[in-house]
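Hi there,

I'm handing over the structure we talked about, and I hope you enjoy looking through it. My notes on what turned up follow below.

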Amino acid sequence: MLRSTLSKIESIATTELLESIDIEEFRNLFLSYKKDMWLYPGVLIRKLKVSPKLVYEFLIELEKIGILKCYYELYCWQCQKSMGTVETFNEIPETFVCDDCDRELNGIENVYVIYKVICDE
C-alpha cells in the first residue's frame, strides 16, 4: 500500500489496537499489501499478536472506508485447501464438494472471512 493509504489506515485504528501493537511492524505489514492481494485476518492476529476482536473490528472499518472488501473463502478442513471465494454471505452454498478429496462439506461450517485490498492509493 502507499504511505498515503497507510496514514488513512492508522487514522482509523483504535487507541486500544495501536497500544497493543508494535507500530513499525504494523506499518511494514500493511505496506507489503498491494491492490488485489488477499488479506487473511489470522495473519494479522498472529503477526501483530492482538485479539481477533480488535483485528476484525479494524478490518470492518477498513472495509467501510473502501480500502478492503470482505469475501468468504470456502475451505476443506481435510485437505487444507481453498475451494474458492464468494462475495456475499447469501452465496455460501449449503454444501460443497472438495476438488481433491471429494468430501462433501457444510458451507457455513467451512468458510472463512477474508479481505481483498481494493484500494492502495
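This is a predicted model: local features need pLDDT of at least 70, side-chain atom pairs count only at pLDDT 80 or more; totals for chains, interfaces and linings use all residues.

E6 is in turn joined to E2 by seven bridges; here Tyr 71 has Ile 114 in E6 as its bridge partner. E2 then pairs with E3 over four bridges, again in the antiparallel sense, with Tyr 72 partnered by Val 86 in E3.

E2 and E3 also form a hairpin with four residues between them, and Gln 80 in that turn has a positive phi of about 55°. How buried is strand E2 (residues 68–76)? Seven of its nine residues are buried, so E2 is largely enclosed by the rest of the structure.

**A pair of helices**

Helix H4 (residues 41–48) and helix H5 (residues 52–64) are worth a look too: their axes come within 9 Å and cross at roughly 130°. The two helices are therefore oblique to each other, and the crossing is right-handed. On the H4 side, Pro 41, Leu 44 and Ile 45 meet Pro 52, Val 55, Tyr 56 and Leu 59 of H5. By class, this contact has seven nonpolar residues, no polar ones and no charged ones.

Happy exploring!

Notes: Residues are numbered from 1 along each chain as its sequence is written. Side-chain values use heavy atoms; hydrogens and water are left out. Axes are lines fitted to C-alpha atoms, for helices over the stretch in contact, and angles run from 0 to 180 degrees between N-to-C directions. Angles under 35 degrees count as roughly parallel, over 145 as roughly antiparallel, 65 to 115 as roughly perpendicular and the rest as oblique. A crossing is left-handed if the near helix is turned anticlockwise from the far one by less than a right angle, and right-handed if clockwise. Contact means heavy atoms within 4.5 Å. Ala, Val, Leu, Ile, Met, Phe, Trp, Tyr, Cys and Pro count as nonpolar, Asp, Glu, Lys and Arg as charged, and the others, Gly among them, as polar. Buried means under 20% relative accessible area, exposed over 50%, partly exposed in between (1.4 Å probe, protein chains only). Two strands pair if DSSP finds at least two bridges between them.
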